[in-house]
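Visitor: Walk me through the charged side chains here. I want the criteria, not just the labels.

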Amino acid sequence: PPEEDADLYYAARRQLHVDWQDLADRIAQDLPEQAARARRLVSQLQKLRSRIALTRINRDVANFAYWKTRTEVEQTDAALRARALAYQGWRAFQERADLVGARRLYEQSFELWAVVLADYPELMDDTTTGADIMEYVDHYQAILEQLDLSLADAEIDSKFPLWKLVELNDGDRNYVEEIAAHRRRQKSAE
């Protein structure tokens, strides 16, 4: 039975565990001339263990792993190009009213964001990254509306690579109808 295995495992683990202080005491008993050195080493090990524990706690508090990943992502060619294309799309829309050009630039940006998110899936439901990309989706949707299109249109839906991100980050529920249409199309395709 698994309970007996667990009991045996923990009993063996306790017997195999060597406490540093017990080891230093044993060295002092068996080799008195090494007692001072053994105690110094135990003290150093305990300080290192405390330092490691504090470092882990501080890493968690500062969310180090997340920010490390974010800095890695933001330096990738795909992310840099995706942001540049989205910016160019926004400028094409705002400054030149080039709806077709802006749409094309956003679609290229979304293809690159899909690559980035495939390489870093942990960012898919990250609210900061999601909010950044959702802003681009909002701009894209505004452009589509002026072209009498929508994310819900079959042609757009089939080429849009960020549905999962939209589903996870549509906190304001701006895309409920589009998501529902997308899901219906997915179901009918199965």
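Visitor: What makes R91 and E95 a salt bridge?

Guide: The closest N and O atoms of R91 and E95 are 3.1 Å apart. A salt bridge needs a side-chain nitrogen of Lys or Arg within 4 Å of a carboxyl oxygen of Asp or Glu. So the pair qualifies. This is a predicted model, where local features need pLDDT of at least 70, side-chain atom pairs count only at pLDDT 80 or more, and totals for chains, interfaces and linings use all residues. Residues are numbered from 1 along each chain as its sequence is written, and side-chain values use heavy atoms, leaving out hydrogens and water.

Visitor: Why is E95 called exposed?

Guide: Its relative accessible area is 52%. Exposed means over 50%, buried under 20%, partly exposed in between (1.4 Å probe, protein chains only). So E95 is exposed. R91, at 33%, is partly exposed.

Visitor: What makes R70 buried?

Guide: R70 has a relative accessible area of 9%, so it falls under the 20% limit.

Visitor: How do you know that R70 and D132 form a salt bridge?

Guide: Their N to O distance is 3.3 Å. R70 lies in helix α4 (residues 64-74) and D132 in helix α7 (residues 127-146), so the bridge ties together parts 62 residues apart in sequence. Helices here are DSSP runs (H or I, at least four residues), numbered from the N terminus.

Conventions. Helices (H or I, at least four residues) and strands (E, at least two) are DSSP runs, numbered from the N terminus.
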